[in-house]
Amino acid sequence: MLRHLVFDVNETLLDVAALDPLFERLFGDRESRVEWFLTLEEGWLTATIVDNFQPFGELAKAALVMVGHRRGVTVSEAQCQELVDGMKCLPAHPDVRQALDQLRGEGFCLSALSNGSLQAVRHQLESADLANSFDAVLSVEEVKRYKPAPEPYRMVAERHGIGLDEMMMVAAHAWDITGAAVAGCRTAFIARPGKVLNPAGSQPDLHSSDLQEFAAQVTAWRQH
């Protein structure tokens, strides 16, 4: 019976849209935040493919500078640091806390797995009042490979002494779903605003509009 649930952090649990005021100040529109996150994803995927791990914070800053170059805006180091500091204080989506409490009450073991540094993700969860919601908090920096490479998912399974097929990766990113599925995990997609599945990628075992719907689905699903 499925017992271990592993949650992505940024966008899945925490609302990155809280950074919109910074992007509006810098570039005049909030859509630049989406451009920045896609550029950040490109950065960590490249770092993983070429086997040149770089800290998440540095990649986040570099992505902001790249967006500035595209838009003809010079981004200062202070503005980069404001972004990194803002990432550490993101609020949880409104559905998160109640859903996590419900899942723990159902006997699930909950882990958080982030592409951010361990220090940063612990700060994030503390700031969002979620620090006590997880049995384990893990970062890809331990294996120096970003999701969706297989090593982070394997690390979680090894940490808990379980098989990959005994855990479910819960994420709002199609690439995370595909990475976890190829590694051998069960998967659940959370359809946060603007997030869609890749029709050419792996399809999840569960598809939920938010974490409260997911909590109900996975509780019923594991009984079959």
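The lining of the second largest pocket comprises 7 nonpolar, 2 polar and 5 charged residues. Here Ala, Val, Leu, Ile, Met, Phe, Trp, Tyr, Cys and Pro count as nonpolar, Asp, Glu, Lys and Arg as charged, and the others, Gly among them, as polar. The model is predicted: local features need pLDDT of at least 70, side-chain atom pairs count only at pLDDT 80 or more, and totals for chains, interfaces and linings use all residues. Residues are numbered from 1 along each chain as its sequence is written, and side-chain values use heavy atoms, with hydrogens and water left out.

A pocket is an open set of points on a 1 Å grid over the protein atoms alone, where a 1.4 Å probe fits, with protein on both sides within 12 Å along at least five of seven lines; lining residues have an atom within 4 Å of a point. A volume is the space filled by probe spheres set on the points, which are joined across faces, edges and corners.

| Pocket | Volume | Lining |
|---|---|---|
| Largest | about 310 Å³ | 17 residues |

Helix 6 gives the largest share of the lining of the largest pocket, 5 residues. Helices are DSSP runs (H or I, at least four residues), numbered from the N terminus. Val-84 is among the residues nearest the centre of the largest pocket.

Notes
Helices (H or I, at least four residues) and strands (E, at least two) are DSSP runs, numbered from the N terminus.
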